[in-house]
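Subject: Structure for your review

Dear colleague,

Please find below the structure I am handing over to you. My notes on its aromatic residues and its surface follow it.

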Amino acid sequence: GYHNNWIIDNLPSASLGLNDSGQKQKHYAGGFPIGFTDTSTEEAYVYNHANIVVDFHQYNPSQDGFRIVSFAVEPMSVEHRFLGGFVWDGQSA
């Protein structure tokens, strides 16, 4: 499938997701998927949100500034509702 490859400070993102047994797992190659296919219905879904986890440390405590040491992206879908009850028909405006 298709993947996003995000970079922060020249570091590629890890992907946070679930393994086959349903446990959270960090994956460090190939970016993160843009969606998934439901195996029971064969319907394709595109993720519409992402949690971004950034790990950093202060390189030198006597100076201001921090260094990013890793980051990971957890793609997910969130049910969206428009203000005022608008229902999008799936077509461009």
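This is a predicted model: local features need pLDDT of at least 70, side-chain atom pairs count only at pLDDT 80 or more; totals for chains, interfaces and linings use all residues.

The structure holds 4 aromatic pairs. One of them is formed by W6 and F32, an edge-to-face pair with 4.9 Å centre to centre and 85° between the planes. W6 lies in the loop between β1 (3-4) and β2 (7-8), while F32 belongs to strand β6 (residues 32-33), so the pair ties together parts that are 26 residues apart in sequence. Of these two residues, W6 counts as partly exposed because its relative accessibility is 35%, whereas F32, at 3%, counts as buried.

F56 and F66 also form a pair: their ring centres are 5.5 Å apart and their planes stand at 90°, so this pair is edge-to-face. The pair links distant parts of the chain, with F56 in strand β9 and F66 in the loop between β9 and β10 (67-76), 10 residues apart. Strand β9 covers residues 49-57. Both F56 and F66 are exposed; for F56 the relative accessibility is 52%.

Elsewhere, ring pairs join F36, Y45 and Y47 into a cluster. A charged group also meets a ring: the charged end of R67 sits over the ring of Y59, 4.1 Å from its centre.

Finally, W6, I52, V54, F56 and F66 make a nonpolar surface patch of about 510 Å². Among its members are F56 and F66, the edge-to-face pair described above.

With kind regards

Methods: Residues are numbered from 1 along each chain as its sequence is written. Side-chain values use heavy atoms; hydrogens and water are left out. Patches are made of residues with over 30% relative accessible area and no salt bridge: like charges are joined within 9 Å, nonpolar side chains (Val, Leu, Ile, Met, Phe, Trp, Tyr) within 5 Å. Accessible areas come from the Shrake-Rupley method with a 1.4 Å probe; for residues, only the protein chains shown count as cover. A salt bridge is a side-chain nitrogen of Lys or Arg within 4 Å of a carboxyl oxygen of Asp or Glu. Helices (H or I, at least four residues) and strands (E, at least two) are DSSP runs, numbered from the N terminus. Buried means under 20% relative accessible area, exposed over 50%, partly exposed in between (1.4 Å probe, protein chains only). Rings of Phe, Tyr and Trp (its six-membered ring) pair if their centres lie within 6.5 Å; planes under 30 degrees apart count as stacked, over 60 as edge-to-face and the rest as tilted. A charge sits over a ring if NZ of Lys or CZ of Arg is within 6 Å of the ring centre and within 35 degrees of the ring normal.
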